[in-house]
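Here is a short briefing to read with the model open beside you. Take it one topic at a time, and look up the residues as they come along.

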Amino acid sequence: MLVRDWMTADPVTVTPDTPVMDALKILKEGNFRRLPVMDGGKLVGITTRKDLKDAMPSKATTLSVWELNYLLSKLTVAEMMARPVITAAEGEYMEDAALRMQEHHVGGLPVLNDSGKLSGIITTMDVLRAFTDILGMREGGQRITVEMPDTPGSLERATKAVMPSNIISVATYDGRGDRRRFVLRVNGEQTESVKQRVRDSGITVLD
């Protein structure tokens with residue numbers, strides 16, 4: 001699963017000299033949270049709805065309406081954007097981009113193509129869409145979580161126990177000690193009795 005398959009292509013952008021109020025309007029009308037900042041065709045920053053709102057004067061300000069409007073008209077994206085920009089590449093794996101988002105505590109990454117040009121944006125919502133797709137959530141079926149020794153052949157053993165049902169997705173994560181947990185989603189024949197069949201084969205079924 002590559003970033004290019006899940007990103008939003010051709011995202012809306014602003015320039016460094018875009019007024020903050022205009023950028024906020026773009027975000028509101030587009031119902032999104034972040035804007036890549038472009039200067040001469042080059043990605044120079046990124047700004048978010050929170051960044052822009054944090055730049056707004058407090059409601060407790062003593063400024064007059066005239067002074068407030070004047071200051072807001074002068075405030076531009078350049079003063080609020082984050083730089084340097086953490087990016088993703090079109091051809092990298094989704095999990096690598098997701099890990100980078102987690103490590104840098106950001107909710108989205110501008111995506112660059114092989115030429116280094118902005119081609120899209122990937123966000124936490126896209127990561128969640130990919131995650132639910134991997135787990136086969138939209139395909140229905142039955143979910144089963146098993147715990148097995150963390151040794152070669154464990155997944156094959158579980159697969160044989162599930163038959164004649166069909167496995168449509170598999171996810172795995174660490175269990176306890178030398179154990180590993182597998183989350184399987186199955187459909188097809190005899191799914192109503194799949195958990196009992198797996199138990200009968202000697203495999204621990206958690207849910």
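What follows is a walk through a predicted model, from its sheet and core to some details of its loops.

**The four-stranded sheet**
- Four strands make an open sheet, and their order is β8-β9-β7-β10 with antiparallel pairing.
- The edges are taken by β8 (165-174) and β10 (204-205); each has a single partner strand, so one side of each has no neighbour in the sheet.
- Between β8 and β9 there are nine bridges, with the two strands running antiparallel; if you want a place to look, find Thr172, which stands opposite Phe182 in β9.
- Strand β9 is also joined to β7, by eight bridges in an antiparallel arrangement, and here Thr145 has Val183 of β9 as its bridge partner.
- On to β10: two bridges link this strand to β7, again antiparallel, and Val146 is partnered with Val205 of β10.

- Helix α6 (residues 154-162) lies across β7 (142-149), β8 and β9, and makes an angle of about 30° with β9.
- Which residues of α6 are buried? They are Ser154, Ala158, Ala161 and Val162.
- These four cover an arc of only 100° around the axis, which means that they sit on the same side of α6.
- The cover over the buried residues of α6 includes β7, β8, β9 and α7 (194-200).
- The largest nonpolar core has 13 residues, and those with the most contacts inside it are Ile144, Val146, Met148, Val162, Leu184, Val198 and Ile203.
- At least two residues of this core come from each of β7, α6, β9 and α7.

- Gly141 sits in the loop between α5 (124-134) and β7.
- With neighbours within four places in sequence set aside, Gly141 is in contact with Arg185, Val186 and Asn187.
- Glu156 is 15 residues from Gly141 along the chain, and their C-alpha atoms are 20 Å apart.

- Helix α1 (residues 20-30) has Val20, Ala23, Leu24 and Leu27 as its buried residues.
- They, too, lie on the same side of their helix, because they cover an arc of only 100° around the axis of α1.
- Among the elements that cover these buried residues are β2 (34-39), β3 (42-48) and α2 (49-54).
- Five of the six residues of β2 are buried, so this strand is mostly covered.
- β2 and β3 run antiparallel and are joined by six bridges, with Pro36 opposite Ile46 in β3.
- The two strands form a hairpin with two residues between them, and Gly40 in the turn has a positive phi of about 60°.

**Backbone details in the loops**
- The peptide bond between Arg83 and Pro84 is cis, with omega about -5°; Pro84 belongs to the loop between α3 (65-74) and β4 (88-89).
- Another cis peptide bond runs from Met163 to Pro164, with omega near 15°, and Pro164 is in the loop between α6 and β8.
- Asn31, in the loop between α1 and β2, has a positive phi near 55° although it is not a glycine.
- Is Asn31 buried or exposed? Its relative accessibility is 67%, and exposed means over 50%, so Asn31 counts as exposed.
- Gln190 is likewise a residue other than glycine with a positive phi, near 55°; this residue lies in the loop between β9 and α7 and is partly exposed at 38% relative accessibility.

**From the UniProt record**
- An unreviewed UniProt entry places the feature "domain: CBS" at residues 7-63 and 81-137.
- In the model, residues 81-137 are 39% helix and 23% strand, and the end C-alpha atoms of this stretch are 37 Å apart.

Technical notes:
Residues numbered from 1 in each chain as written. Predicted model: local features only at pLDDT ≥ 70, side-chain atom pairs only at ≥ 80, totals over all residues. Heavy atoms only, no water. Pairing = 2+ DSSP bridges. Contact = heavy atoms within 4.5 Å. Axes fitted to C-alpha atoms, helices over the stretch in contact; angles between N-to-C directions. Buried < 20%, exposed > 50% of the residue type's maximum accessible area, 1.4 Å probe, protein only. Arc of directions from axis to C-beta. UniProt positions renumbered as here; feature names shortened; annotations may be inferred. Core = buried A, V, L, I, M, F, W, Y, C linked by side-chain atoms within 4.5 Å.
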